Structures are given as C-alpha cells and as structure tokens.
Amino acid sequence: MALDPIEKAAKNIVLTVQDYSLFAYRAFLNLWRPPIYWPEFLVQADIIGVGSLSIVVLSGLSTGGVLALQSAATLSAFGATAVTGQFVSLTMIRELGPVLTGVMVSGRNASSMASELGSMVVTEQIDAMRALGVDPMRKLVTPRIFSTIVMLFFLTIVADACGILGGAAVTVFMNHQNGTQYLDMAWEHLHYPDIVQGLVKPLFFGYILSSIGCFYGMRTSGGTEGVGRATIQAVVSASVLIIFVDFLLTQVLLRLLP
Amino acid sequence: MNASPISQPQSPAPAADDGPVVAFRNVSIAFDGPPVLEDVSFSIAPGETRVLLGPAGVGKSVLLKLTNGLLRPDCGSIQLFGEEISHMPEEMLFPLRTRTGMVFQEGALFDSLTVRDNVAYQLIQERVPDDEIDSRVRDALRFVELEETFDLYPASLSGGMRRRVAIARAFIHQPELLLYDSPTGGLDPVTSTTIIELIVKERDVCHTPSLMVTHRLQDAFILCNHRFDPELGRMVLLPKGETDPNTTFLMLEEGRLIFDGSLHELVKSQNKFVREFLQ
C-alpha cells in the first residue's frame, strides 16, 4: 500500500510525542523529589553555564549591535533615532535574549547531552547503572535538567546585558549618537512586566532543551550511527520547540502581564 | 591465583522459603517482530550455577536482562528472590537489583570514571566511607588480579582486563545472584580461561547462584569439569567422569528453551539442534 510509509511515519511521530511526554513528566517530578545529586548538578552547571558563556556573550553583543544598526536605519525615516535604546532593550529582554540564548545553548548542550547519554546507552553503561541499582533518570537526567534551567536563567541575563551593550557600542561608535540618551531610553522604558516576561521564558526553554537532549540520548539505538542521529534530532527538535513555545508563551504572558 | 580476599557473604540471604532464586514461567517477549523468547520456563536454585547455551541471536542476552528486570516480558511471570518482578515499577526494582551482580558482554564500564570508582560505584551511592571503599575495592581487584589498575581509566585497559574489572564490580557488593552475559566473548583462549577461572572461583568460594550466558561450549565444559582449589590457588580438573553437581545447562533455539539438564544429559541428548550445537 502506498499509504503504509505515511501511516508508519505518523505512528512514529505520535509514539515519540507520547514517549517524550511521559519522559518529561517523570523528569519534572524528579526535580522535586530526593535524592538530588548535588555534585552532578554542580558539574553540569559548570559545563552548561560557564561553558556556554562565551557563545552567549558573543551572540548577545552581535545581536544587540545588529538591532541598533537596523532599527536606527528604519527609525531615522521618522526622525525617531532617539528611541533606538528603547527598541534594543525591549527586544533583547522580552524576546531575543531568551530565544537566542535558548537556541545557542541547545545547539551546544542538547547535542552534547544526546551524544553523551546516547554513547552510554549503546555501550550498555545505562543498563549497567540500572543493574547496579541506580536510577539513570535521577542520576543523569535530573541534574542536567535542573542545572540547565538554573544556568539558562543567568545566561539570558548575560545575553540581555551584552545585547544592550552591543547596541550601545553601535549607537555611539557607528551611528554617532548620544550614548547617554541611548542608555536613558533603554532604562526608562523598561518595566517590570518586560523583565518578568524575559526571565520566565528561559525557565521553560531550559527545561525543553535539556529534556529533549536527554530524551533523544536515552532512547538511542543503532550503535554509533544512532548516536549521530539522536544528536541531530535533539538539536532540531529543541530549537524548533523553543521557537514554537516562545510564540505560545508570549501570547500567555502578554495577557497576564500587558 | 590467590584464594579469595573478598569476604564471603555473611548471611547469604536465601530466597523466600528457600525457594528458587529465579523462576521463569511461560515467559515470552517480542520487539516489533517475531518473538525473541517464547514460553520460556526454568528456575535457578540457591547455590546453583546455570549455563545458558545457544548460538548468537537466539535471545540469550534478552533472557539475562529479563532476569533482573532490565527488560519486561510481554507475558508470563518472572520471580526474583521470591518477588514477582514482571510488572514491578522500576523504583521498586532498584533495591532488588542491588542484590544481584551483572557482568555485561563488553564490560560496560563507565568510561569517565577510574577503575576504583567503577568498582566502587554501588558503594559510593550508598555513601560508604572512602577508607572502607578503598579497602574493599583493593580486595575486589586482588580477587581478579588487577590491583595495579586501581587509578587507571577503562580506556587504558585491554578487553580482558575490562572484563575482569567488570567482574570485580559485580562481586564487590557480595550479590545473592550473579548474571554473566558472554563474559568471554571476543577474548583470546588464555584470557577466556582466566575469566572462567574467576567464575569457578566465585562459584566454589562464595557459592553464589548464577546464570552464565555463552555460546562457547568449551567455557561451559571447563566450568562444569573444574573446581577451585583454595590451597593451590587455582582451578583444578575434577576426576574423570565427575562434574560439578550444581552446574547445569539450558539451551535456547530460536527463542524456545529446548534443553534443561546436567552435562551428562546434555551430551546424551538426542535433540537434533543440541547434537548439531555440540558437534
């Protein structure tokens, strides 16, 4: 039957969504139940947080700079280049900071989680851990999810700050505008709902990217080729889901915090 | 080979009512296709060593993973230490698994941990003091004659050494059941004999019930025809015609258990598949 491959693909998708939902639910419950492996949490926090700092700083600076360049060109048509600071800070804090950091960190860490756990699965290390009476969900998955949520929160703040600074640098050195005016506008028009919105999102994104990275890693099959496949699936799924959830979250948060 | 420096189980907690340590009843399992195991029934008594024979791909490793709940059967019943585990939640299986030791096909050592941390993995989780861990790890490594590898990483060990470290990891917690998944697979004959000698030593010193999966007939025969001599510190051949009474055989053919009995019964079996396998 010509429809068989489509039916099989559809079943696979439904099964994957079901498996991920169960995995994510169990991982979420484990965040609140002892034992929590603090040494593993600290190691992962270092790998995910400190390790991702350089890419977050660089992407934040560049994005802020680009935003300032683009917005100044458009705003000058209305004689409103003075609001560049407001534009850059609001865009960075409400949207680009969390999303960009989420996508960058998922590229770096969802892939590393999927490949690391996937390698452990194909070499039977996960089975060995279970055979030794240790729950790999608690020992390997929970610390990764917990540390990603915490570190993505702080990395987003860093990205926001770098974005505003990047925008300031472009405004002063390339657009030859007043730096004080830029920073005043960036600060004055920033309200608590903007900050809350920008800081709630990374909590969701951190959970999504880490749970997807771990999920694809833990269900790896097919040897080393399977590890590569799991890595690709983890990065693609995490990035797409972050952007999609951002759309949903923005709608909800705009209603709650207009 | 030295006599066992591993302390013997103080009270080798037998299964409930001294019944079988493991009991399979009509167990079947399939993975997206024909059954891998079909209607398998057998048991392991306290102190018994069972050797599961069969060519590659007949479901031997699957059966081993069903034994400690790493896989779940589609139907049938599996009892481990008298408790039904086929539908037991994963959280409840972890305490039961700590009472078993398992040696995986390729060792399955944690490659980011040293030999010391690999062998001590279970003790570390139980927050045993470091001094005691070091002492027990050295004892376990001495048992497998690899004391010098204490600080090394698995990547720097040979295949045979990794397998012996895996055995030390399985032995250190003084398990009440040992599961060996092709412990000599892919090893040269000399190293294979060393591994089998360790298994014989464990069987005769600690009397832990075990299930060993292998497709190598010579390993199974060595296990059955030898005993460990603590005075000589090595295994010795049993007198001609004698076999270890507690070592018995199982054989799988395409997911079905076709033989369950002693070495004597195995060699006398008229089953066509058994005859072909033996030849």
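Reader: How far apart are the end C-alpha atoms of helix 6 (residues 159–171) of chain B?
Author: This is a predicted model in which local features need pLDDT of at least 70 and side-chain atom pairs count only at pLDDT 80 or more, while totals for chains, interfaces and linings use all residues. Residues are numbered from 1 along each chain as its sequence is written, and chains are lettered from A and ligands numbered from 1 in the order in which they are written. Helices (DSSP runs of H or I, at least four residues) and strands (E, at least two) are numbered from the N terminus. The 13 residues of helix 6 of chain B should span 18 Å (1.5 Å times one less than the number of residues), which agrees with the separation of its end C-alpha atoms, 19 Å.

Reader: Which elements of chain B give two or more residues to the side that touches chain A?
Author: In all, 14 residues of chain B are in contact with eleven residues of chain A (C-beta atoms, placed from the backbone, within 7 Å). The elements asked for are helix 2 (90–97) and helix 4 (121–125) of chain B.

Reader: Are helix 3 (residues 84–122) of chain A and helix 8 (residues 223–256) of chain A roughly parallel or roughly antiparallel?
Author: Their axes (lines fitted to C-alpha atoms over the stretch in contact, angles from 0 to 180 degrees between N-to-C directions) come within 8 Å and cross at roughly 150°. Angles under 35 degrees count as roughly parallel, over 145 as roughly antiparallel, 65 to 115 as roughly perpendicular and the rest as oblique. The pair is therefore roughly antiparallel.

Reader: At what angle do helix 3 of chain A and helix 5 of chain A cross?
Author: Helix 5 of chain A covers residues 136–173 and includes A:Val150. The axes of helix 3 and helix 5 of chain A come within 7 Å, and the crossing is at roughly 145°.

Reader: Does A:Val150 count as buried, partly exposed or exposed?
Author: The C-alpha atom of A:Val150 is 9.8 Å from that of A:Ile48, 102 residues apart along the chain. Because A:Val150 has 18 C-beta neighbours inside 10 Å, this residue counts as partly exposed.

Definitions and conventions
Two residues are in contact if their C-beta atoms, placed from the backbone, lie within 7 Å. A residue is buried if 20 or more other C-beta atoms lie within 10 Å of its own, exposed if 12 or fewer, and partly exposed in between; C-beta atoms are placed from the backbone.
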